[in-house]
Amino acid sequence: MNLKSQYALINMTQETFHSSTPLHLESGEILSEIEIAYTTYGQLNSDKSNVIWVIHALTGDSKASEWWNGLIGEDKFYDPEDYFIICANLLGSCYGSTQPLSENPTTREPYYYDFPQMTSRDLAVGLERLRVHLRLDQIHTLIGGSLGGQVGLEWAYTLENKLKNAIILASTGKTTPWVIGFNETQRMAIESDCTWGENTESAGRKGLETARAIAMLTYRHPKDLLRKQSDSDDKLDNYRAASYLRYQGQKLSKRFNALSYWTLSKTMDSHDLGRNRGGLDAALGKIEANVLAIGVDSDLLFLPEESQYISQKVKKGTYKEITSTAGHDAFLIEFEQLSYILKSFYLQQMH
Ligand SMILES: CC(=O)SCCNC(=O)CCNC(=O)[C@H](O)C(C)(C)COP(=O)(O)OP(=O)(O)OC[C@H]1O[C@@H](n2cnc3c(N)ncnc32)[C@H](O)[C@@H]1OP(=O)(O)O
Ligand SMILES: N[C@@H](CCO)C(=O)O
């Protein structure tokens, strides 16, 4: 119980890191300079041993205390009173970091469709550059779900013993054809928008709405929609499930853009921790950190077995499972179970 005033302000900063050192990407392309927007909560302790690095998912931003409000914040599991919590907007995303709508230094115009393809490994390199810049010699825990878990695994591999704990939720060591297939249907929806290909910020917006509607069906579960979106028996049209998906599409298209969505969906597709490292098992076996892989029993996108596999192949792995009818997005919803799982994991590390 935090006995201080309920209005005690949390130390929070929002900064943008600029690096003019060219970033050489896995594809062989180069980003001549990068910007990474990041948010921090709380203070570093004297030996910098309290760093919690949060990595957001596909449409996330750096304000982790908002979209993960049940886990991060005053009196929550990751309390800024105890930890220095940092979350950076991933490269390619449209919340302050270098993305397709950023100015291409060569042309002085936005990159638009010339923005290079980036992999989860490239995104991890961007985070590493920010870590070095901030002089955070060690990370207590990195934690990320979905795309954030993919980038987290890549970063855990290169951090070696600079990372103590890697918590990977609803994710995978190598993206399956199933996920690639769903991402391709979403890109097809964006491509079918007649504005796609135009050099404008709103290019593909309607297509993005459809893409998000498709995506929402992969983030949830039939039982979730049955519970929340069922209609009375006399209905012949205008079903709640239909308006829910249309709404979610419109809601995303108001806060995100199709170029970033396209870019990050390709990042998800190309994720393979074992690429050029002797394969997935060999790469997982090289991760030094304690790894907690958390699956969701109803996840139809990143199957729980994929999280289980991660825990079995790393040196120091633990698998836990969230029980939920919410599907993949349960990692954003089931905070009570998550807090319990995290507490038991950290207690286990103390023995
Ligand atoms: C890890 C990451 O990086 S995630 C970060 C990026 N994502 C975000 O920031 C958003 C994160 N939040 C979410 O994805 C969701 O809100 C969750 C998963 C946290 C919670 O989902 P739920 O509580 O189940 O809400 P749900 O997805 O059902 O949507 C509820 C919304 O749909 C609306 N809605 C529900 N049913 C219907 C319907 N039949 N017709 C129209 N609208 C509907 C509700 O009014 C509500 O609207 P609001 O969001 O404007 O308040
Ligand atoms: N629904 C979340 C998680 C997707 O994996 C998002 O929109 O980013």
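Guide: Helices, of at least four residues, and strands, of at least two, are DSSP runs numbered from the N terminus. The model before us is predicted.

Visitor: How many helices and strands are there in the protein chain?

Guide: Both kinds of element occur in the protein chain. The count is 11 helices and 12 strands.

Visitor: Why is the chain said to be as compact as a globular protein of that length?

Guide: The globule rule gives 20 Å for 351 residues. The chain is as compact as a globular protein of that length because its radius of gyration is close to that value, namely 20 Å.

Visitor: What share of the residues counts as buried?

Guide: A residue is buried when its relative accessible area is under 20%. Of the 351 residues in the protein chain, the share that counts as buried is 55%.

Visitor: What share of the contacts with a separation of 6 or more joins residues 24 or more positions apart?

Guide: A contact requires heavy atoms within 4.5 Å. Among the contacts in the protein chain with a separation of 6 or more, residues 24 or more positions apart account for 74%.

Visitor: How far apart are the centres of the positive and negative side chains?

Guide: The protein chain carries 35 positive and 44 negative side chains. The distance between the centres of the two sets is 3 Å.

Visitor: Is Arg108 buried or exposed?

Guide: Arg108 lies in the loop between strand S7 (103–104) and strand S8 (109–110). Its phi is near 65 degrees, a positive value in a residue other than glycine. Since its relative accessibility is 55% and the cut-off is over 50%, Arg108 counts as exposed.

Visitor: What is the phi of Arg135?

Guide: Arg135 belongs to the loop between helix H2 (120–133) and S9. At 60% relative accessibility, Arg135 counts as exposed. Although Arg135 is not a glycine, its phi is positive, at about 55 degrees.

Visitor: Which residues does Gln229 touch, not counting residues up to four places away in sequence?

Guide: Gln229 is part of helix H6 (residues 222–229). With a relative accessible area of 12%, Gln229 is buried. Leaving out residues up to four places away in sequence, Gln229 touches Arg240, Ala241 and Tyr244.

Visitor: Is Thr318 buried or exposed?

Guide: Thr318 sits in strand S12 (residues 316–322). Not counting residues up to four places away in sequence, Thr318 touches several residues, including Val291, Leu292 and Phe345. Because its relative accessibility is 11% and the cut-off is under 20%, Thr318 counts as buried.

Terms used
Residues are numbered from 1 along each chain as its sequence is written. Chains are lettered from A and ligands numbered from 1 in the order in which they are written. This is a predicted model: local features need pLDDT of at least 70, side-chain atom pairs count only at pLDDT 80 or more; totals for chains, interfaces and linings use all residues. Side-chain values use heavy atoms; hydrogens and water are left out. The radius of gyration is taken over C-alpha atoms; the globule rule is 2.2 Å times the number of residues to the power 0.38. Buried means under 20% relative accessible area, exposed over 50%, partly exposed in between (1.4 Å probe, protein chains only). Lys and Arg count as positive and Asp and Glu as negative; His and the chain ends are not counted. The place of a charge is taken as NZ of Lys, CZ of Arg, CG of Asp or CD of Glu.
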